[in-house]
Amino acid sequence: MPIDPQNALLSVQAGLAQLSTLIVSYSFSAIGAVILLVVGYTVAGLAERSLYAGLGHINGFDATLRHFFSKIVRYAILVLVVIMVLGQFGVQTASIIAAIGAIGLAIGLALQGTLQNIAAGIMLLALRPFRIGEYAEVGAISGTIEEIGLFATRLRTVDGVYILAPNSTLWNQPVRNYSRNGVRRGDITLTIGSWNDIDFAQKTMLGVVAAERHVRREPAPIAFVATVGDSTVAITLRYWTSAADFFATQIDLTKRAKQAFDAEGISVPAPPPEAPRPEPSATRQ
């Protein structure tokens with residue numbers, strides 16, 4: 001059947017008109033999408049910086065939390081912008097939101113432990129059971145706090161060992177913070193023979209602590225009999241000092257107390273002599 005040139009021309013013209021309409025329509029959609037992306041990206045950056053600066057005016061608000069919340073706001077705005085851009089091209093936004101929710105649920109179930117660490121990190125940063133530079137003990141973990149992150153906390157032990165502890169581990173156990181109150185009580189116990197003058201030994205220990213400049217005068221240091229054995233008496237010197245000087249003061253006072261006892265002739269009981277070892281029996285022939 002021969003093709004009518006007039007009908008063919010009309011069909012081509014109709015197709016070109018429809019194509020022109022689509023090009024114009026999608027061009028406007030593309031331009032609108034680009035504008036949305038640029039504006040959304042700019043607004044997200046401004047919102048992030050504004051929130052970060054605003055939270056910085058809150059006294060004591062942790063810098064890590066400021067960074068975390070400002071990033072959440074930024075990414076939330078960017079996700080909203082992407083949904084709006086897809087809507088410009090006729091994509092059903094309800095389906096996108098449902099898909100994002102399903103993906104978020106799946107990720108949440110897969111990363112339960114990680115999310116627990118994040119939640120614990122936020123609680124640690126908000127309630128501050130310990131701060132950077134403080135010495136704390138949590139369960140079997142102890143050391144100086146070097147960094148509190150959203151996922152884990154970094155510590156340094158007294159012997160210089162690096163520890164990275166998950167936040168959920170630290171949050172679920174009692175915390176002993178040795179630096180928080182600023183002062184600590186120290187005890188030094190020395191054992192002497194029961195034949196020594198106990199009052200003089202206590203006076204000697206108090207004389208030693210009186211010359212130590214790091215020891216606080218209130219509460220006043222005291223020396224008392226801690227335990228009494230068959231031929232020994234344990235005398236304890238109790239004092240208060242700053243948390244920063246605790247270990248150095250304890251080491252110094254222990255040495256000086258022993259030297260003072262030696263200088264005053266306060267004797268420490270000698271250890272019992274070792275029992276003689278039996279001679280090995282001769283091998284029978």
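This is a predicted model: local features need pLDDT of at least 70, side-chain atom pairs count only at pLDDT 80 or more; totals for chains, interfaces and linings use all residues.
Residues are numbered from 1 along each chain as its sequence is written, and side-chain values use heavy atoms, with hydrogens and water left out.

**Nonpolar cores**

- A nonpolar core here is a set of buried Ala, Val, Leu, Ile, Met, Phe, Trp, Tyr and Cys residues joined through side-chain atoms within 4.5 Å; buried means under 20% relative accessible area, exposed over 50%, and partly exposed in between (1.4 Å probe, protein chains only).
- The largest nonpolar core has 18 residues, and Ile192, Leu237, Tyr239, Leu253 and Phe261 touch the most other members.
- At least two residues of this core come from each of strand E6 (183-193), helix H6 (198-210), strand E8 (232-242) and helix H7 (246-264). Helices (H or I, at least four residues) and strands (E, at least two) are DSSP runs, numbered from the N terminus.
- Skipping neighbours within four places in sequence, the contacts of Ile192 include Ala201, Val233, Ile235, Phe261, Ile266 and Val268. Contact means heavy atoms within 4.5 Å.
- Another core, of 15 residues, lies apart from the largest one, and Phe130, Ile141, Leu150 and Leu155 are among its members.

**The five-stranded sheet**

- Five strands make an open sheet in the order E4-E3-E2-E1-E5, with antiparallel pairing. Two strands pair if DSSP finds at least two bridges between them.
- Strand E4 (162-166) and strand E5 (175-177) are the edges, each pairing on one side only.
- From one strand to the next, the twist averages 40°; axes are lines fitted to C-alpha atoms (for helices, over the stretch in contact), and angles run from 0 to 180 degrees between N-to-C directions.
- Strand E3 (residues 152-156) runs antiparallel to E4, and five bridges join them.

- The peptide bond from Glu218 to Pro219 is cis, with omega near -5°. Pro219 sits in the loop between H6 and strand E7 (222-228).
- Arg128 isn't a glycine, yet it has a positive phi of about 55°. You'll find Arg128 in the loop between helix H4 (112-127) and strand E1 (135-138).

**A buried serine**

- Ser168 belongs to helix H5 (residues 167-171) and counts as buried because its relative accessible area is 17%.
- Not counting residues up to four places away in sequence, Ser168 touches Gln116, Asn117 and Ala120.
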